[in-house]
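Thanks for coming, everyone. Let me put the structure up, and then we can walk through it together.

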Amino acid sequence: MPKITADNSADIRLFIPVFLLKKLAKHRLTDGLYPVSLGITQAQNNYKLQQENNHSHTLIYCLSGTGKLVYQNKERVIKRGDIVIINPNTPFTFTLNKSPKIAVNSTSPEPQNNKPEHKVSSNIVYWVNFTGTLAHDFAERLLMKMDLGVAHVGVLNNIVSDFDHLLALGARGYTATNVIHAVHILQQALSFLALQLRLTQFNNSSNFDLEAVEALMRNSLHQELSLDTLAHYSQLSKFHFAKKFKELTDSSPIQHFINMKIQHACSQLDNSDIAIKDIANGLGYSDPYYFSRLFKKLVGMSPKQYRDSRHRA
């Protein structure tokens, strides 16, 4: 068990029983990543979280309040919306200080529309220790976008919801179904945080507007768009535009645009009886045979086969 102490009574801690940890480490649906222990503090007084010798990774998410992290011989201030990732067997101390009551509400200037409206406290901190065969990979995906294990993601309602669902495991009971569900909620939360860090870092270092580019693409599905046109719209060189676009989407701009066209074609095939050649023409493809070949390459079946399959699961 990880040696974590919480010096305050206003907290909730869940430790996964040893017998269950052994099963999680062997089960094919859970062995990749699973929680060892987790908790929340809503402390009004000083709160201290520390470890000396923990064989699992630790994640701390500060929903409100401020604290002090002593880690790797450095002292860092942790504030509302920050996350912390601590590698195994690395000592740290996190102290959350007493502060005036703060209402967490939707008027706060946080990124996205994921703003929790139900949390009101001077201090709210979630933490989870996790391990598994993929734990290092999940942690590295986060750490590569963090500053020595610390980053700001803001107040994210879906992450708060995920932690609340994890903590509800104590009330639901440690049945196989409940625990497997909790494991995948944890994986979902870590995956989303990695995505959020990537987007935040990119937005902070670039004025590239991906949403505007995608809006241009959606409004141009009826025609062709060249890389020159897209780059000019973004006021970047073709090289820098393509590089930045791929960093965010893992796809080239033109391939992304083609994927949008095919997705729109799928919607029309599912929801209308428009002739396939007219769908192709409406997407800027004057040759319906070329469109059909392109569609099959991306979807795995021809437009006709796709339409014919719309009433089958």
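Which residues of H9 are buried? What you see is a predicted model. The protein has 313 residues, and 47% of them are buried. Its secondary structure comes to 12 helices and 11 strands.

Now the answer. The buried residues of H9 are Pro-253, His-256, Phe-257, Ile-258, Met-260, Lys-261, Ile-262, Ala-265, Cys-266 and Leu-269. Note that a lysine, Lys-261, is on that list. What covers them? The cover includes H6, H7 and H8. It also includes helix H10 (276-282), helix H11 (288-299) and helix H12 (303-308). As for length, H9 has 19 residues. From first C-alpha to last, H9 reaches 27 Å, close to the 27 Å expected at 1.5 Å a residue.

Next, H6. This helix runs over residues 210-218. Its buried residues are Leu-210, Val-213, Glu-214, Leu-216 and Met-217. Why do they sit on the same side of H6? Because they cover an arc of only 155° around the axis. Their cover includes helix H7 (227-233), helix H8 (238-249) and helix H9 (253-271).

On to charges. How many salt bridges are there? The count is 6.

Pair one is Arg-76 with Asp-147. Their side chains meet at 3.5 Å, N to O. Asp-147 is partly exposed, at 48%.

Pair two is Asp-250 with Arg-198. The closest N and O atoms are 3.2 Å apart. Again, distant parts of the chain are linked, 52 residues apart. Asp-250 lies in the loop between H8 and H9. Arg-198 lies in helix H5 (residues 176-205). Asp-250 is exposed, with a relative accessible area of 55%.

Lys-243 is partly exposed, at 43% relative accessibility. Glu-247 is partly exposed too, at 33%.

Back to H5 for a moment. Find Ala-189, which is in that helix. Ala-189 is buried, with a relative accessible area of 4%. What does Ala-189 touch, leaving out residues up to four places away in sequence? The answer is Ile-159 and Asp-162. Take Ile-159. Along the chain, Ala-189 and Ile-159 are 30 residues apart. Their C-alpha atoms are separated by 6.0 Å.

Now two spots in the backbone. Most residues other than glycine have a negative phi. Which way does Asn-89 go, positive or negative? Positive: the phi of Asn-89 is about 55°, and it is not a glycine. Asn-89 sits in the loop between strand S8 (82-86) and strand S9 (92-96). It is partly exposed, at 42% relative accessibility.

The other spot is Gln-235. Its phi is near 60°, also a positive value in a residue other than glycine. Gln-235 is in the loop between H7 and H8. At 73% relative accessibility, Gln-235 is exposed.

Last, the whole protein. Take contacts between residues at least 6 apart in sequence. Of those, 73% join residues at least 24 apart. What about the surface? The protein exposes about 16,300 Å². Carbon and sulfur atoms supply 52% of that area.

That is my tour. Over to you for questions.

Technical notes. Residues numbered from 1 in each chain as written. Predicted model: local features only at pLDDT ≥ 70, side-chain atom pairs only at ≥ 80, totals over all residues. Heavy atoms only, no water. Buried < 20%, exposed > 50% of the residue type's maximum accessible area, 1.4 Å probe, protein only. Helix = DSSP H or I, 4+ residues; strand = E, 2+ residues; numbered from the N terminus. Arc of directions from axis to C-beta. Contact = heavy atoms within 4.5 Å. Salt bridge = Lys/Arg side-chain N within 4 Å of Asp/Glu carboxyl O. Expected span 1.5 Å × (residues − 1). Areas by Shrake-Rupley, 256 points an atom, 1.4 Å probe, with all protein chains shown as cover.
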